[in-house]
Every structure is written in C-alpha cells, then in structure tokens.
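Subject: A structure to look through

Dear colleague,

I am passing on a structure that I would like you to look at with some care before you read my notes on it.

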Amino acid sequence: MKYNFDQQINRFGTYCTQWDYIEDRFGEKNLLPFSISDTDFPCPPEILSTLNKRLQHGVFGYTRWNHPRYKTAIRQWFMKRFFSEIKEDWVVYSPSVIYSISKLIEILTVQEDHIVIQTPAYDAFYKLIQDNQRVLSTNELIEENSTYRINFEDLEQKLAHPKAKILLLCSPHNPTGRVWTREELINIVSLTKKYGVKIISDEIHMDIVLAPHSHVPILDVADNLDHVYLCTSASKTFNIPGLIGSYMLIPNEKVRNQFLITLKNRDGLSSASTLGTLATMEAYEQCSGWVDELVMYIQENFLLIQNYLEKHLPMLSFQIPQATYLAWIDVSKLPYSSEEIQDALVHHGKVAIMPGVTYGYSGQGFLRMNVGCSKDKVMEGLHRLKKAIQYLESTPL
Ligand SMILES: Cc1ncc(COP(=O)(O)O)c(C=O)c1O
C-alpha cells in the first residue's frame, strides 16, 4: 500500500459536522461518531499539494468551471473507472448533488407530481421531495438476509401512476450498499420509458464499489438520453465536500440550459468554488490509484465488522455491502426497540451510529455505521456497540 489510511487525525475544533456537532443529532457530546457520510481520511497527497500551491498564490477571486480541463477530467474519469463514454458538453457544475436534484425536480415537475424513490433511502431524498411540495412515492426494496433486490412489480405500479414524473434512483444505493446490475438498470429504464417517467440518478457513491461488482452509469443503459440525468461528485470519494462542488451529466440541451439559467440568474451560484473545482480536477487526473487503495481499506473494515459480529454479537447480522463505506447492520433479532438501542449506544456505549429508521420505515431494525475511518476507530466503535448491547442484556426487560 502506498497510502496510509491507518493514520488518525484529530478533527475536533475544525467545525466539522461529524465530530464537533455530534450533539445536534444524538443529544450528547463526547461520542465516537460513525454518523454523517464523510470520512476521517485526509484527501490524497496529490490533491493536498495542489491546494497548498494554490493557497500560496493568495488571490481567490471569482472562478469558472466551464473550461476544457474540468470537463476533460470528468470525461476521462468516466472512461478510466467505468469504461463509459460521456460527452464533455453534458457536464454542468453544481454546488452540491442535493442542490442539483432539487433544481431538476423544480425544472421537470410541478407541485403534486409524484417522485418515486426506493426505500430505505438517503434521508435528504425525503426532505427535498416534501419541501419542494412534490408527492413522495415509495418503492420498497425487498430484503432477504440483509440482501436487497428491487420489487419490479411494485415499481411498475408506482411508475404507472399518471402523476409519476421522476424516478429518483440512488446508484449505488445508500444505505443498503447495493450496486444495481446492468440487467436491473435495463429493466428500470424500460419501465420508466413505458410510462414516460424521467430518471434522476444520484451516483455520488459510484467510486467506492467492492470487487467483483462494478458500477454502471445510468447513461450507459438509457436509450433515450433526453430523459436521464446523472448527478454526482468527487466529494464522497476524496472526502472534499467541505470544499464545495459537484456536477451533473445532462445530455438534454434544453434542460441543461434551463439549469444553467437557474444557477446563474436566479440563484446567483454560477461562480464555482476555486478549491472544490481544483481538487476535483486533480483527483480525477492523478488519484485513481488512491481510490483503489481506499476501496481495499474499506473492504478490510467491513471484514473486521463481519468477524467481530460473528464472534461477539451473533444476534446481529451483517452482509458486506457491494458499495459505499456504510455498514448496514441488522439488529432486528434483538428484543429491543430502536429507541432502546439508541439510548444504550449513546449513554452506555458512548457511540454515535445512525438508527436505520432515519432512512425510512423499512430501515427499522438496522443500524448504519460509517466505516470511512481507521481500523482502530472501527474496532473501538465495535467494542462500544458490544458494551451497549451488554448493558441492555443486563437490564431486566
Ligand atoms: C446518496 C447521496 N446523495 C447525496 C449526498 C450528499 O451530496 P451533496 O453534499 O453533494 O449534496 C449524500 C451524502 O451522504 C448521499 O449519500
């Protein structure tokens, strides 16, 4: 390994959401956090060196993203990582993935239209649909032994509704870690086509995919590119969301222009983040090897969890996910409610692990543990999880 993912950097005092503001979500300070999905890893040294040089320059005026280097870096990343050919014209900068999705929903639909999502789902999806006054339509994934698959019959029913206008896909899927296969994506595309529903595909987790699985960008399987929108970012992979910046691939020229007008004229956000765009270009140009090592490290973290749970907490079940750095742990065999488990984790284990219900009703009985961190921290988290459960076991029901 060329890079050191074992190194632990103290993040306290950096105003970071994960460590400094853990109390906001869990009601307690001094918890070991495995919560919001950023990682504790520093970004690759290649990016740091470029950012340092840029900081030395000292002038941070308005900056642009719409130039060949930015778009070429993205096109080549898609070719290198996914063997996917995209056109540079499709690239549009956006401050964040959720902003992109929200604006696309605004542009493509009207109030009361249905947006279909697959549940359990990333919590921001619920909020952005509801706060845009659109109707949430849920296609619950089928779970068997912690492995998830799509209920296509139900999906068809939801897409067939006359008000269904968008399928908001999460590919790979947070929180279940599923990587949708080419066949599944082809089925999805054909159903959406049948009912005239557009697809917005959030592919922010596309880089952290564990072998033998491979990510297929939605644009590779869609036959009518005018109805498919891919939103993604380098931020999750390289741990740079605080630098701000994401992008979309929009083949539909009319919608692309509508988005750009909204971004520039209405929302006044077209000047990109200097450091965010620079880091994205550097990441995509120089850091493919770093991502390969990151994925291996995450896989080892998942193995640690699997071995630990088998040995110390056999009532919990866990399947190594196909993608993401999020462990989705089944605690449904424990005879305790989600509230009791959270209470024990926070007050007795002193550990912050997301309750599955955060991701909707069907997440009940699960925990989502972020393992984008050192092995030592994962082990400490597991000890704390065990301590919390031992406390529950020692307390009369
Ligand atoms: C599926 C998914 N989409 C979007 C985001 C957030 O992206 P952004 O901060 O660019 O809006 C996350 C972060 O957890 C995520 O998991």
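A search of the whole structure turns up one cavity of 30 Å³ or more, where a cavity is a set of points, on a 1 Å grid over the protein atoms alone, at which a 1.4 Å probe fits but cannot get out. The largest cavity has a volume of about 40 Å³, a volume being the space filled by probe spheres set on the points, which are joined across faces, edges and corners. This is a predicted model, in which local features need pLDDT of at least 70 and side-chain atom pairs count only at pLDDT 80 or more, while totals for chains, interfaces and linings use all residues. Residues are numbered from 1 along each chain as its sequence is written, and side-chain values use heavy atoms, with hydrogens and water left out.

Among the residues that line the largest cavity are Ile-117, Phe-125, Leu-168 and His-173, lining residues being those with an atom within 4 Å of a point. Strand S7 (164–170) and strand S3 (114–119) are the elements that give two or more residues to this lining, and S7 gives the most, with three; strands here are DSSP runs of E with at least two residues, and helices are runs of H or I with at least four, numbered from the N terminus. By class, the lining of the largest cavity has seven nonpolar, three polar and no charged residues (Ala, Val, Leu, Ile, Met, Phe, Trp, Tyr, Cys and Pro count as nonpolar, Asp, Glu, Lys and Arg as charged, and the others, Gly among them, as polar).

The largest pocket holds about 1100 Å³ of space, a pocket being an open set with protein on both sides within 12 Å along at least five of seven lines. Of the 45 residues that line the largest pocket, Asp-38, Asn-239, Ile-240, Pro-241 and Gly-242 are the closest to its centre. Helix H6 (123–131) is one of the helices that each supply at least two residues of this lining, and H6 gives the most, with three.

Polar side-chain atoms of Asn-174 and His-205 each lie 2.8 Å from an oxygen atom of the ligand, and for Ser-37 the distance is 2.6 Å.

With best wishes

Methods: Polar contact = N/O pair within 3.5 Å; in protein donor to acceptor, adjacent residues only side chain to side chain.
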